[in-house]
Amino acid sequence: MRNLVATVSMFLALAGTAKAAETLNIYTYESFITEWGPGPAIKTAFEAECGCTLNWVGIQDGVAILNRLKLEGASAKADIVLGLDTNLTNEARTTGLFAGHGTDTSKLTLPINWNDDVFVPYDYAHFAVIYDRDKVANPPTSLKELVEGDSSQKIVLQDPRTSTPGLGFLLWMKSVYGDKAGEAWAKLRPRILTVTPGWSEAYGLFTKGEAEMVLSYTTSPAYHRIAEKSEKYAAASFDEGHYLQVEVAAMLKASPNPALARKFLAFMTGPGFQDHIPTNNWMFPAGALSAPLPAEFGKLVKPSKTLLYSPAMVAKNRRAWVDEWQEAMSK
Amino acid sequence: MATRSRNLPAILAGSIGLAGLATVMAGALVALTLTAVATPGGGSWDDYLWRVVRFTLWQAVLSTVLSVGLAIPVARAIARRRVFPGRGPLLRLFALPLALPALVVVLGIVDVWGRHGWAAKGLALLVDDGSMPNIYGLTGILLAHVFFNLPLAARLMIMHLERIPGENWRLASQLGMGAGAIFRFIEWPALRAGLPGIAGLVFMLCIASFTVVLTLGGGPAATTIEVAIYQALRFDFDPGRAVILALVQLGMTAVLIALGMRLTMPAVTTPSLNRPILRPDCAKLAGRVGDGMVIALAALFIVLPLIALTVSATAAPMGKLLGEAIVWQAILTSLAIGATAAVLCITLAWSLLIAAHAAKRMPGTSWWKAGFIMACGSGGSLILVMPPIFLGAGWFVLLHGLGEGFALAPAVVVTINGLMALPYTLRILGPAHASAAADHDRLCDSLGISGWNRWRLADWPVLRPAFGLAFAFAMALSLGDLGAVALFGSEDLTTLPLLILQRMGSYRTADAAGLAFMLAIFCLILIIGAERATAKTDNGR
């Protein structure tokens with residue numbers, strides 16, 4: 001076994017020296033680098049510009065990326081981490097593993113002001129309740145209507161203990177109902193068909209027709225319109241506003257190629273990267289594109305108000321709020 | 001002395017196997033404990049966890065009682081009817097539910113039993129305002145667990161029933177026994193010997209249930225320890241709590257399985273001359289109708305969700321999928337992982353079985369001998385209640401500590417998948433080994449045949465079908481669950497199950513349905529192939 005390890009590491013070392021060009025290692029989530037995701041095209045575009053090699057390392061999802069960093073500490077073999085969201089940045093920052101980005105974020109096209117010196121956003125979307133137009137004649141127009149509406153029309157939600165959209169909806173409820181969130185959950189409960197461990201299970205049940213509604217993103221109908229030419233699904237626009245998810249990247253202090261890493265973060269806010277986001281990652285681009293957004297994106301729900309807790313607020317209260325949810329949902 | 005020297009290699013092989021198993025489990029525990037010590041705070045125990053433990057036990061006990069209880073009449077009916085149209089295909093389909101990703105199976109079950117499923121539509125045709133009871137909650141969990149485990153339990157029970165020696169049947173017909181007496185004196189004793197092992201396996205699978213419990217459970221009231229471990233290792237990142245929970249899950253299961261063993265009688269295996277099996281209880285019309293109904297109901301219950309999967313797959317662009325290089329790469333990767341894991345699994349299972357048997361044949365009694373036999377028999381199964389995310393995180397820490405650990409991700413997958421299939425293969429090979437030993441031990445001892453010659457001449461010819469089935473099961477189960485390497489960053493390790501989950505996670509449900517169908521067909525081919533390759537030769541009788 002030791003021989004095998006030695007051979008493998010020697011081989012890797014040789015492979016390293018054989019390539020004179022620098023290699024940029026980026027941890028990201030798996031779906032970003034599947035063949036239909038934005039990863040492959042972004043790799044080609046950046047490599048053409050930098051004369052370097054971009055190496056994606058695909059880890060399950062954003063939470064797993066952060067946990068891997070916590071386990072690896074300063075010995076992580078990455079220059080950049082791409083794929084955390086604003087609910088994770090506070091914890092990521094406290095690991096002390098990240099460096100300042102030094103990128104100009106003033107030209108970003110986010111629905112909020114961005115002044116974080118460590119994390120650079122690359123895309124965003126608002127959470128939204130997606131409904132089946134054949135089954136829901138009068139979709140809820142507010143979170144209040146969803147909570148108090150007809151309990152024979154069901155929604156599938158995700159579990160805030162295990163999934164990012166699940167946590168997003170919990171924060172949405174909290175930001176609208178505040179101290180009354182527990183009561184609101186109890187009122188919503190008869191409408192909840194079930195609470196799934198992740199987005200896939202919920203969306204699978206929804207498209208199978210088990211529930212009339214599901215929690216997803218405002219951008220979900222764009223996929224069905226563009227890729228499936230289907231108008232069957234639409235997002236409900238809520239008066240109180242929609243909770244926002246922003247996906248970010250950051251460079252590590254221990255990066256062996258800090259200059260290259262900074263170059264990538266700057267590249268990330270431009271069209272070479274952003275062009276691949278809308279119809280590959282199905283999110284809104286956080287920076288300028290070289291061509292206008294596909295027309296279908298113009299038809300999507302535009303939230304009148306953006307709801308978002310600061311990362312520090314989420315980190316401080318997440319456990320208590322999840323407990324509150326659990327209490328209200330378990331009685 | 002001769003006996004002792006003959007037994008030692010087997011005991012040594014079993015000890016090595018046990019040590020390997022213990023290393024995999026203890027390695028993860030130790031690594032995460034050390035991480036927890038280095039992580040401030042955490043590791044707490046609260047009311048929430050008590051509720052979780054209670055619910056876990058409650059649903060697992062109910063699921064086990066239902067699955068095993070319902071499997072008895074099904075197994076008996078199928079064993080009694082040795083020839084009926086569709087018998088072979090049905091038994092092969094019985095191996096399928098466990099080989100498919102839980103999410104795929106859950107969606108198939110929902111197609112049949114859900115709010116707008118086939119059962120609800122059928123009911124609406126019959127009764128005007130008859131509405132389908134809501135399955136989300138304990139009902140859904142039990143339904144899915146029975147779907148997963150009834151066929152497994154029935155399949156294992158049929159093996160026990162078919163191993164009843166022909167001599168017993170001859171005696172039964174000479175004594176003019178009716179169906180009731182046959183069940184009491186012949187079938188039940190044969191089943192009872194296997195029941196603790198089968199029930200223990202089903203219980204462990206239900207204890208460690210995750211996707212089923214969360215998706216069909218309706219809400220956080222349905223939370224198992226497995227979910228809590230997952231939670232502790234995700235957003236909360238509290239390795240201390242994860243270690244405590246894993247130990248609770250492990251300890252609880254070990255105690256319950258040990259109790260189960262205590263409550264049951266040891267297996268009685270009688271030497272047999274392999275007379276043809278002529279059952280005297282198959283001719284009566286009432287029995288035939290009854291068996292037919294039991295078999296038809298069980299077949300419907302198992303086959304309907306599988307048909308639902310097939311129907312979903314009709315919407316899939318099969319041609320496009322088969323043209324994708326990544327799909328073929330996933331198939332090959334799955335095959336490679338499955339085959340390697342199955343070989344590892346079978347080798348390990350066999351070494352544990354022969355070691356336990358050799359220890360039994362050693363003279364004298366002592367607590368360590370009893371302990372060794374017990375460890376070989378069921379200790380290995382405990383790996384089933386170690387969550388993949390836990391094993392994965394623990395081994396990530398260990399291998400990371402060693403330096404270039406990530407190149408070993410494939411080895412980690414193969415090892416963990418192989419070990420996870422061990423409990424099944426033990427239960428398939430175990431009874432076969434026991435009856436071969438009962439048939440051959442004395443004869444071979446007196447003729448002085450041992451080692452390779454005994455294996456080649458006496459044991460292998462009768463064990464071939466069991467090995468075939470065990471290999472097929474192990475391979476189908478190991479085709480590529482990558483839960484354990486979620487942290488490793490192993491994008492070149494794309495397997496078919498992973499591909500299904502990836503497509504599902506990015507709106508491509510039709511693709512996912514098509515791939516799930518391919519996976520199911522693939523498993524069936526494996527099972528049929530293994531059966532063919534190891535079919536009994538006619539001159540063996």
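Q: What area is buried between chain A and chain B?
A: In this predicted model, the contact draws on 65 residues of chain A and 60 residues of chain B. The size of an interface is often expressed as the accessible area lost when the parts come together. Carbon and sulfur atoms give 58% of the area buried here, and the total is about 5,400 Å².

Q: How far apart are the closest N and O atoms of R318(A) and D236(B)?
A: The interface of chain A and chain B holds six salt bridges by the rule applied. A salt bridge requires a side-chain nitrogen of Lys or Arg within 4 Å of a carboxyl oxygen of Asp or Glu. R318(A) and D236(B) form such a bridge, with their closest N and O atoms separated by 2.9 Å.

Q: Is T194(A) buried or exposed?
A: T194(A) belongs to strand 6 of chain A. Among the residues that T194(A) touches are I155(A) and L205(A) of chain A, and Y136(B) and L216(B) of chain B. A residue counts as buried under 20% relative accessible area. Because its relative accessibility is 0%, T194(A) is buried.

Q: Which residue has its backbone nitrogen 3.0 Å from a polar atom of the side chain of T194(A)?
A: Across the interface of chain A and chain B, 21 residue pairs are found in polar contact. The residues of chain B touched by T194(A) include G217(B), G218(B) and G219(B). The backbone nitrogen that lies 3.0 Å from the side chain's polar atom is that of G218(B).

Q: Why is helix 19 of chain B largely enclosed by the rest of the structure?
A: The cover over its buried residues includes helix 8 (199–207) of chain A, as well as helix 4 (102–113) and helix 14 (325–361) of chain B. Among those buried residues are L496(B), P497(B) and M504(B). Helix 19 (residues 496–504) is largely enclosed because the buried residues number eight of its nine.

Q: What is the accessible area of the nonpolar patch formed by W45(B), W50(B) and I244(B) together?
A: W50(B) lies in helix 2 (residues 47–80) of chain B. A patch residue must have over 30% relative accessible area. W50(B), at 47%, is partly exposed. Together with W45(B) and I244(B), W50(B) forms a surface patch whose accessible area is about 290 Å².

Terms used: Residues are numbered from 1 along each chain as its sequence is written. Chains are lettered from A and ligands numbered from 1 in the order in which they are written. This is a predicted model: local features need pLDDT of at least 70, side-chain atom pairs count only at pLDDT 80 or more; totals for chains, interfaces and linings use all residues. Side-chain values use heavy atoms; hydrogens and water are left out. Patches are made of residues with over 30% relative accessible area and no salt bridge: like charges are joined within 9 Å, nonpolar side chains (Val, Leu, Ile, Met, Phe, Trp, Tyr) within 5 Å. Accessible areas come from the Shrake-Rupley method with a 1.4 Å probe; for residues, only the protein chains shown count as cover. Helices (H or I, at least four residues) and strands (E, at least two) are DSSP runs, numbered from the N terminus. Buried means under 20% relative accessible area, exposed over 50%, partly exposed in between (1.4 Å probe, protein chains only). Contact means heavy atoms within 4.5 Å. Buried area is the accessible area (1.4 Å probe) that two parts lose on being put together, summed over both. A polar contact is a pair of N or O atoms within 3.5 Å; within protein, one must be able to donate a hydrogen and the other to accept it, and residues adjacent in sequence count only if both atoms are side-chain atoms. Lists of a residue's contacts leave out its neighbours within four places in sequence.
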